Amino acid sequence: MPAQCRLLQFLPICFDASISEIFVALLSGAQLCFLSMEDYADKALVSKIFPIIEKQNINVACIPPAFLPFLPIDHTPDCLKTIIIGGEVCSAKEIDRWRKKVININFLMVINRNLGASSERIWPN
């Protein structure tokens, strides 16, 4: 990850998968941007995530596949360039929908409880 990236720390830090978000950013010199505790508790987070990303000028976000279908793709902030998805299966339909909007999608899979055991970069078109 380039040092000029601003990575959204989406997963709560009590979740073991957050370790990959934290250390990928910190070890590369990128900035790690956090959601507030109020944001995590807000049931309307899905409608507020893009304004948060835009306000913090985040260009990389780790988003769980289950969250993606609820995001308003037509309102994706211009600053968001990469979505990292993983931890569970993401449908081909959802990947195809997002790769038309985001420059690239990195797909991370959890295999045998090893975070980031496999990755694939999916380019638009």
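N57 sits in the loop between α3 and β3 (60–62), where helices (H or I, at least four residues) and strands (E, at least two) are DSSP runs numbered from the N terminus. Although N57 is not a glycine, its phi is positive, at about 55°. Most residues other than glycine have a negative phi. N57 counts as partly exposed because its relative accessibility is 47%; buried means under 20% relative accessible area, exposed over 50%, and partly exposed in between (1.4 Å probe, protein chains only).

A word on the model itself: it is predicted, so local features need pLDDT of at least 70 and side-chain atom pairs count only at pLDDT 80 or more, while totals for chains, interfaces and linings use all residues. Residues are numbered from 1 along each chain as its sequence is written, and side-chain values use heavy atoms, with hydrogens and water left out.

Back at the surface, I19, F23 and L27 form a nonpolar patch with about 350 Å² of accessible area together. Patch members have over 30% relative accessible area and no salt bridge, and such nonpolar side chains (Val, Leu, Ile, Met, Phe, Trp, Tyr) are joined within 5 Å; a salt bridge puts a side-chain nitrogen of Lys or Arg within 4 Å of a carboxyl oxygen of Asp or Glu. Areas come from the Shrake-Rupley method with a 1.4 Å probe. L27 belongs to helix α1 (residues 18–28) and counts as exposed because its relative accessibility is 74%.

Technical notes:
Patch = residues over 30% accessible without salt bridge, like charges linked within 9 Å, V, L, I, M, F, W, Y side chains within 5 Å.
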